[in-house]
Amino acid sequence: VKRGRERVRRSGEQPLRTSMAEEEEEEAAQELTEELISDSLSGIESTIDGKSVAFTTLNLEGKKIGDVSSIALLEHVRYAHLSRNLIKDLSPLSNLRYLLSLKLDNNRLETVDLGLMSFLQFADFSNNIIGSWHGVEAPLLRYLDLSFNRIHTVTGLEKNSQLQNLFLHGNELESCQGVAYPNIKEITLHKNKITSLQGLSALLNVKKLDLSENNLVELQGLPDGELVSLHLRRQACES
């Protein structure tokens, strides 16, 4: 989890979004060959039913792949590292029913449709071009990174009843509607266009909240949780 967040910070928070998801010239995607898949697999463990063994880790970071249809055959993979590619369509991943961790930052995702992910706990979709977030059906999800997309509306967090860490900074949100869920302990909303805190009162257990660099004119609506860290610097109204 720490490594994922440090990557964004070291990169100055947003340059990877410009170089990968918003580049003017379309980069040619590389074919996902059997040899490439074979070289990317590791971590032999028992299958869920205990009747066999299988590779559980898939690492295809930075391979410039676009079509991931072949991944659908790897149903026992639990950790999928697919950062820094040219992926647009996630439908083949819906067959990976036992995923625990999914890294898809710095791709070309406009939407996320994975179907039911019963075991997924960690998901990183940062630095893509997602416009609206409608949620992912993952009841055990605890960590969700949606930073540096183009998100202007958020719905569907009720599908993630265990969610504790939510990162939404660097988007195009103008309100806090839909972003609050009672179990969340850390949420980042800086670098948006938020003008009102209405809706944040649902954050009953939040401890860390960053609302810096927005368009807030008043603080009415701040959550009454157990805040230990609150950032409000550099609001547009201060200039």
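Residues are numbered from 1 along each chain as its sequence is written, and side-chain values use heavy atoms, with hydrogens and water left out. Because the model is predicted, local features need pLDDT of at least 70 and side-chain atom pairs count only at pLDDT 80 or more, while totals for chains, interfaces and linings use all residues.

Strands are DSSP runs (E, at least two residues), numbered from the N terminus, and two strands pair if DSSP finds at least two bridges between them. Strands of a sheet pair through backbone hydrogen bonds, either parallel or antiparallel. In this model, 10 strands form an open sheet with mixed pairing, in the order β1-β2-β3-β4-β5-β7-β9-β10-β11-β12. β1 and β12 (229-231) stand at the edges with a single partner strand each, so one side of each is left without a neighbour in the sheet. On average, neighbouring strands of the sheet are turned by 10° against each other, direction ignored; the axes behind this angle are lines fitted to C-alpha atoms, for helices over the stretch in contact, and angles run from 0 to 180 degrees between N-to-C directions. At one end of the order, strand β11 (residues 208-210) pairs with β12 in the parallel sense over 3 bridges. Asp 210 has His 231, in β12, as its bridge partner.

A salt bridge is a side-chain nitrogen of Lys or Arg within 4 Å of a carboxyl oxygen of Asp or Glu. By this rule, the model has 6 salt bridges. One of them joins the side chains of Arg 78 and Glu 45, at 3.0 Å from N to O. This pair links distant parts of the chain, 33 residues apart: Arg 78 is in the loop between β2 (53-59) and β3 (79-81), and Glu 45 is in strand β1 (residues 41-46). Residues are classed by relative accessible area: buried means under 20%, exposed over 50%, and partly exposed in between (1.4 Å probe, protein chains only). Arg 78 counts as buried at 13%, whereas Glu 45 is partly exposed at 37%.

A salt bridge also connects Arg 84 and Glu 61, at 3.4 Å from N to O. Arg 84 lies in the loop between β3 and β4 (101-103) and Glu 61 in the loop between β2 and β3, 23 residues apart. Arg 84 is partly exposed at 36%, and Glu 61 is partly exposed at 24%. In Glu 75 and Arg 97, the closest N and O atoms of the salt bridge are 3.5 Å apart. Glu 75 is in the loop between β2 and β3 and Arg 97 in the loop between β3 and β4, so the pair ties together parts 22 residues apart in sequence.

Leu 146 is found in the loop between β7 (143-145) and β8 (153-154). With a relative accessible area of 0%, Leu 146 is buried. Leaving aside neighbours within four places in sequence, the residues in contact with Leu 146 (heavy atoms within 4.5 Å) include Phe 125, Trp 133, Ile 151 and Leu 166. The C-alpha atoms of Leu 146 and Asn 128 are separated by 8.4 Å, and these residues are 18 apart along the chain.

On the surface, Ile 44, Val 53 and Phe 55 form a nonpolar patch with about 300 Å² of accessible area together. Patches are made of residues with over 30% relative accessible area and no salt bridge; like charges are joined within 9 Å and nonpolar side chains (Val, Leu, Ile, Met, Phe, Trp, Tyr) within 5 Å. Accessible areas come from the Shrake-Rupley method with a 1.4 Å probe, and for residues only the protein chains shown count as cover. Val 53, in strand β2, is exposed at 55%.

Key
Helices (H or I, at least four residues) and strands (E, at least two) are DSSP runs, numbered from the N terminus.
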